[in-house]
Amino acid sequence: MLLSTINMSWCLAVILIIYFMYYIWCRFFSLHGLPANLPWAGAGNSPLSRARIIRKSLFGLREIIQDGYYKYSKNEQVFVLPNLATGPEVILPMSQMKWLLEQPDHVLNQNEVNSEFLHAERTMLHPHVIRDTVHGHIIRRELTKDLDNYAEAAVEEIQHALNNVWGSNTQDWKDVPLYDTLLEVIGRISNRVLVGLPLCRDKDYLRSTTTFARSVVITAGMINLLPPMLRPILGPLITAYDKSHYRNIAKHIFPIVGERMANFKPGLDYRNPDYSKHNDYIQWALHDAFSHNDPAERTPEMITKRLTVLSFAAIQSSVITITNVLFDIAASSRCEQIQDSLREEINSVIAEKPGQEWRRASLNAMNRVDSALRESMRLWGFISRGVMKKVVAPGGVDIPSGDHLPYGSKVGVTSYGIHHDESAYPNALHYDPFRFAAPSEKRPDGEKSANKPFNLVTTTDNWMAFSHGRHACPGRWFAANQLKLLLSQIVLNYDIESIPERPQNPWINNTVGPPIWSTLRIRRRPNTASIECPEAPPTLSPSFFEKDPKDLSSFPFPQRDSRRPSTFLDAKLLQHLASTAHEIASPITVS
Ligand code: HEM
């Protein structure tokens, strides 16, 4: 008996060692079926040199991209970009963008790359959420079409939120943790549109929705690094924190969906005031769910899961962007002039459109505001890949160079190289806020679409912060609107103090985070209206509580996990990321 137990232990140990060696081989030495003739950026020909560069890709991908871009892309050659977390990517020269964008989704699929990067089947709460396009419909239809309908509400929410987090003291400068405070502001604006008042100001709901938005990418990164065999075992532990926040979100959303469902009449327009006074994501999602014959979509659970993931897409990317732009302005040698120039433009546009100050037409006329955002996104786009697709054709695909890529490999272009290329953007490493505000004939990148400055939502071969082609970000109209409103309100109501040096953005694999621990000093401008900010009102409408509690008994509220959410894990991880921020090789400067 003892002998057989020892034998079993030995067998298990041997299996584990073999598996571990296989894992190391896959991560560091395998070519993943890619043609052996393709050069790897930053590496020599030997497997050891390749393994070294793969290790470096975890925190030093920026240098590797630059190496590949100048050595190969600029010479019309294909190269392989290492990626320790999600595997190598084949990078095409920019001249092959047309071919890349033309490939149908059943040959090259962009969505698959996102799902893999986010480990969607484990982190995105439900397989439907990432696989189908309900979000796409809703974002393109309601969220984009109705931008003007909620412009005033968004401005009101911004003013309330800024008052809350930055205060109204016009005498003294205040040191604010930029990322954290803007996370709350963006969380509130997004939720004002997605779920409306009063929930968008509910602290408990906001904490969960913004925490989920912030941590889900970190969670996905950790799962990506695990050996596949351990993912089913450790995956649930790693995602437990995010799921605890989903359950807390559900606690707020389920009853609202219940209340709305009880009054729901399929076919009726939610904008008809006789039927519904709600015009928010929950109502749009209900209509969408009833418009196709899938009962699984009509549950509070599904609607809440979709809302949670949509909030992640909407909140995290926008907060990163506005944090970056404010640091860029603050670190510019022309910090005060930039703010004055933005104010001058905003004031002159809004003076011309009384009653419609914050509508889409007014925002479109604010070229400097638009450009200040676009330029910051060029410098600090938060994912270094511009367009990246997975080969899903079972037989693989031949790329224009004639090389054959097998099923499952990834091919695309990286935006970082072109965004920082002097020949596309003179003085490319400097923040030039009004670079894009010039009319098209003066534009540095030669695009000739119209004799007008670019608009923030326009993607090009040279500007891919929202990606490019038919899978470019569908939320970009909403994001652009939200960011322009927020930047305008910030500069109109606050002064930003100049800083001597811009804090650097940490790279983690191909993701470029904002400087989340850095602070800025701000001061309320004199003679700006201070808005009273009452405590958050109750989450549900009073009428809801007048209902018979039995009406809710059929609701499948998700059960709270008995484990406490792992805030420890989050704090530890963030500390680790902070300690690796210094690994950035040559910092970008801001003029
Ligand atoms: C400044 C803010 C934003 C930036 C920079 C941004 C950027 C991006 C990028 C680069 C992608 C493509 C990822 C890839 O395929 O590699 C993307 C996809 C996506 N974004 Fe955004 N985004 C922003 C705001 C938003 C907002 C506000 C929403 C929703 C309201 C949103 C919803 C989505 C969705 C659903 C996708 C996936 C599209 C698909 O797979 O076809 N984004 N975004």
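These legends describe close-up views of one predicted protein model.

View 1. Residues are numbered from 1 along each chain as its sequence is written. The model is predicted, so local features need pLDDT of at least 70, side-chain atom pairs count only at pLDDT 80 or more, and totals for chains, interfaces and linings use all residues. The protein has 20 helices and twelve strands. Both are DSSP runs, numbered from the N terminus: helices are H or I with at least four residues, strands are E with at least two. Of the 591 residues, 42% count as buried. Buried means that 20 or more other C-beta atoms lie within 10 Å of the residue's own; exposed means 12 or fewer; partly exposed is in between; C-beta atoms are placed from the backbone. Two residues are in contact if their C-beta atoms, placed from the backbone, lie within 7 Å. Among contacts with a separation of 6 or more, 74% are between residues 24 or more positions apart.

**View 2. A UniProt "transmembrane region" at residues 6-25.** This label comes from an unreviewed UniProt entry. UniProt positions follow the numbering used here, feature names are shortened, and annotations may be inferred rather than shown by experiment. In the model, the span is 100% helix and 0% strand. Its end C-alpha atoms lie 28 Å apart.

**View 3. The shell around the ligand.** There are 24 residues around the ligand. A residue is near a molecule or strand if its C-beta atom, placed from the backbone, lies within 6 Å of it. A313, S317, C473, G475 and A479 come nearest. Elements that give two or more residues to the shell are α4 (110-117), α7 (134-145), α13 (300-331), β5 (385-391) and α18 (476-493). The largest share, six residues, comes from α13. By type, the shell divides into 13 nonpolar, ten polar and one charged. Here Ala, Val, Leu, Ile, Met, Phe, Trp, Tyr, Cys and Pro count as nonpolar, Asp, Glu, Lys and Arg as charged, and the others, Gly among them, as polar.

**View 4. C473, a residue with a record.** An unreviewed UniProt entry gives the annotation "binding site" to C473. C473 sits in the loop between α17 (415-419) and α18. It counts as partly exposed because it has 18 C-beta neighbours inside 10 Å. Beyond its neighbours within four places in sequence, C473 is in contact with F466 and S467.

View 5. Helix α14 covers residues 335-352. The expected span of a helix is 1.5 Å times one less than its number of residues. I338, Q339, L342, E345, I346 and V349 are buried. These residues cover an arc of only 130° around the axis, so they lie on the same side of α14. The arc is that of the directions from the helix axis to the C-beta atoms. An α-helix has 3.6 residues a turn, so residues three or four places apart point the same way. On the other side of α14, Q337, D340, E344, N347, S348, A351 and E352 are exposed. The cover over the buried residues includes α13, α15 (360-364), α16 (367-380), α18 and β9 (494-496).

View 6. Q110, E112, V113 and F117 are buried in α4. They cover an arc of only 160° around the axis, which puts them on the same side of α4. Their cover includes β3 (108-109), α10 (203-225), β5 and β8 (410-414). H119 follows α4, with a positive phi near 45°. M222, in helix α10, is 103 residues from H119 along the chain, yet their C-alpha atoms are separated by 9.7 Å. M222 is partly exposed, because 18 other C-beta atoms lie within 10 Å.

View 7. Most residues other than glycine have a negative phi, and most peptide bonds are trans. A cis peptide bond joins L197 and P198, with omega about 0°. P198 is in the loop between α9 (178-194) and α10. E76 has a positive phi, near 60°. E76 lies in the loop between α2 (47-71) and β1 (79-81). With 12 C-beta neighbours inside 10 Å, E76 counts as exposed. N509 also has a positive phi, near 60°. N509 lies in the loop between β10 (507-508) and β11 (511-512). N509 is buried, with 20 other C-beta atoms within 10 Å.
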